[in-house]
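Subject: Structure handover

Hello,

Here is the structure I said I would pass on. My notes on one residue and on the chain as a whole follow below it.

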Amino acid sequence: MMTIGKATIQRVVDIETFAMPMAIILPQADLAALEPHRDLLAPTHIDFDAQAVLLTVQSHIVQVDGLTILVDTCVGEDKHRPLRPVWHQRTETGYLERLAGLGLKPEDIDMVMCTHLHPDHVGWNTRLSNGRWVPTFPNAKYVMGKAEFEHWNTLARTQLDPPVNQGSFADSVLPIIESQQEQFVDVGDGLAAGLSIIDLEGHTKGQIGLDIDGGTGTRAIICGDAVHTPAQVLFPQWSSAFCLDGGAAAQTRQRLFTCAASEDVVLVPNHLRGDGMRIEAKGSGFMPRFCNC
């Protein structure tokens, strides 16, 4: 658990270790360039022998002033994802049991925030019940960026095969709209006192993050997939192959790291294997400092 002033942030892990070949996820990356940082990155974040980036698929629970927010809902169960076999038709994953381990039932979640609408960030938005996809969190408002939703909704009207986002828009987003539990937000909107929506454009059209001001001079930013791996702190120009606009994503990372380094903000990337990291300015670049904050 991290404590950020009045707020706490806890992790709910869906997939503990998700390895992706570096050449696939970071096509610009150079393993030799990371070699001087082996002690920092291995074995938790980079498998140098396998030339792979090691990620976690997880949610974050933010609790402050009686409000419970679940940020990003991972892969889910029973979802048809044949392009990614480890995500395909999963059952008995233990995700809700791990949520219960934090003392939370689905009914206890006040808000679900999706930083963006990729399949590994919306899967537990819904669960299968009597052959229908229904909201997993019945009392929650589901917070989505307005620009993000409009982008995928427009695409879904014309792209039928293959389905948008491996079918996740249909099975994990549209049922939320049908149940009228959506809450669309724009950059600058506040979810509550000290909780504001920020722009993380680039990975997707309209990706957002959650800026958490703990009220005691401490801040954290839950930053979705603006950062996949701490290797990108060392080389912010390395964008993921899954970024819609790699140039914009790199600019977002540069801005995010500059802010974090100058204002002592803890960054909480969705796929980071660990609680969070601070960013230290070093020469003309940056260095990650992992923390249990």
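The model is predicted. I began with Thr68, which sits in strand E5, the run covering residues 67-71.

Is Thr68 buried or exposed? Its relative accessibility is 7%, and because the cut-off for buried is under 20%, Thr68 counts as buried. The side chain of Thr68 also has a polar partner: it makes a polar contact with the side chain of Gln63, at 3.2 Å. Once neighbours within four places in sequence are set aside, the residues in contact with Thr68 are Ile61, Val62, Gln63, Leu104, Asp108, Ile109, Asp110 and Met111.

Now the chain as a whole. Its secondary structure amounts to 9 helices and 17 strands. The radius of gyration is 18 Å, which agrees with the value near 19 Å that a compact globule of 293 residues would have. Along the principal axes, the C-alpha trace spans about 55 × 45 × 35 Å.

As for burial, 54% of the 293 residues count as buried. Taking contacts between residues at least 6 apart in sequence, 67% join residues at least 24 apart.

The charged side chains number 22 positive and 35 negative, with the centres of the two sets 1 Å apart.

Regards

Key
Residues are numbered from 1 along each chain as its sequence is written. This is a predicted model: local features need pLDDT of at least 70, side-chain atom pairs count only at pLDDT 80 or more; totals for chains, interfaces and linings use all residues. Side-chain values use heavy atoms; hydrogens and water are left out. Helices (H or I, at least four residues) and strands (E, at least two) are DSSP runs, numbered from the N terminus. Buried means under 20% relative accessible area, exposed over 50%, partly exposed in between (1.4 Å probe, protein chains only). A polar contact is a pair of N or O atoms within 3.5 Å; within protein, one must be able to donate a hydrogen and the other to accept it, and residues adjacent in sequence count only if both atoms are side-chain atoms. Contact means heavy atoms within 4.5 Å. The radius of gyration is taken over C-alpha atoms; the globule rule is 2.2 Å times the number of residues to the power 0.38. Lys and Arg count as positive and Asp and Glu as negative; His and the chain ends are not counted. The place of a charge is taken as NZ of Lys, CZ of Arg, CG of Asp or CD of Glu.
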